[in-house]
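Morning, everyone. I'll take surface patches and salt bridges today. Have a look at this one.

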Amino acid sequence: MKGRLQFLVAKIILLTLASSFVSGYDPSPLQDYCVAGVQDINGVFVNGRFCKDPKLVTSNDFFASGLNIPGNTSNRLGSFINPVDIPGLNTLGVSIARIDFSPGGQIPPHTHPRASEILLVIKGKLSVGFVSSNDYNYTLFSKILYPGDVFVFPIGLVQFHANVGTTNAVAIGAVGSQDPGLIAVGDAVFGSNPSIDPNILAKAFALNINTVKYLRTVFAPEDDIVNE
């Protein structure tokens with residue numbers, strides 16, 4: 001009897017740990033939908049949003065348009081990400097965005113800490129890829145994509161997308177999370193607030209200290225640079 005009780009306790013502990021791990025990602029909803037709405041004294045707060053009264057939900061809550069409209073790529077990177085904002089996406093664990101690239105434009109090396117991504121090229125010629133972890137020797141997996149091509153990026157790994165064609169490029173990116181998060185490597189390392197000790201960065205990246213300080217002017221917020 002005692003041995004059986006210990007087994008049951010151990011099983012409960014393992015199930016609890018497993019549940020805690022899973023809840024770190026998008027959990028399975030316990031209702032058909034939780035359309036994001038305004039704060040309501042009688043509302044339910046899920047995933048950082050209040051659920052709209054189900055009786056007031058309409059088809060428009062699950063609809064969005066505008067992915068046919070080009071984004072403004074007149075910036076340093078020559079790219080623009082237009083995420084779709086649909087109230088009905090709340091708790092569903094998916095999201096989607098249009099990505100525009102001018103010739104030479106790119107989405108620089110970055111990671112999505114909470115989701116894998118699948119990318120579909122609609123127009124142009126993209127060079128994409130990701131790098132495995134140290135467990136697999138930082139192996140680069142890359143491909144040149146053309147319209148109709150699809151590439152998948154595993155969760156948490158450093159990835160990039162770059163327009164290597166002579167015309168504008170367009171892609172649709174979908175991720176397996178309502179909020180996948182984005183950590184741009186350059187912004188995180190050289191643009192953190194407060195800043196990382198430049199001596200540490202210089203040694204870590206084998207750079208001259210003046211180069212590190214220059215990179216701070218590129219990536220750091222302007223007010224942060226003034227205060228240094």
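Why does Ile-118 count as partly exposed? Because its relative accessibility is 40%; buried means under 20% relative accessible area, exposed over 50%, and partly exposed in between, with a 1.4 Å probe and protein chains only.

Ground rules. This is a predicted model: local features need pLDDT of at least 70, side-chain atom pairs count only at pLDDT 80 or more, and totals for chains, interfaces and linings use all residues. Residues are numbered from 1 along each chain as its sequence is written, and side-chain values use heavy atoms, without hydrogens and water.

Back to Ile-118. It lies in strand 7 (strands are DSSP runs of E, at least two residues, numbered from the N terminus). Ile-118, Leu-120, Ile-122, Val-150 and Val-152 form a nonpolar surface patch, together about 390 Å² of accessible area. Patch residues have over 30% relative accessible area and no salt bridge, with nonpolar side chains joined within 5 Å. Areas are Shrake-Rupley, 1.4 Å probe. Strand 7 (117-123) and strand 10 (150-153) each give two or more residues. The largest share, three residues, is from strand 7.

Now salt bridges: a side-chain nitrogen of Lys or Arg within 4 Å of a carboxyl oxygen of Asp or Glu. The count is four. One of them joins Asp-100 and Arg-98 at 2.8 Å. Both residues are buried. Another pairs Asp-53 with Lys-55 at 3.4 Å. Here Asp-53 is partly exposed at 30%, and Lys-55 is exposed at 71%.

Last, Asp-179 and Arg-114, 3.4 Å, N to O. Asp-179 sits in the loop between strands 12 and 13, Arg-114 in the loop between strands 6 and 7, so the pair ties together parts 65 residues apart in sequence.

Key
Patch = residues over 30% accessible without salt bridge, like charges linked within 9 Å, V, L, I, M, F, W, Y side chains within 5 Å. Helix = DSSP H or I, 4+ residues; strand = E, 2+ residues; numbered from the N terminus.
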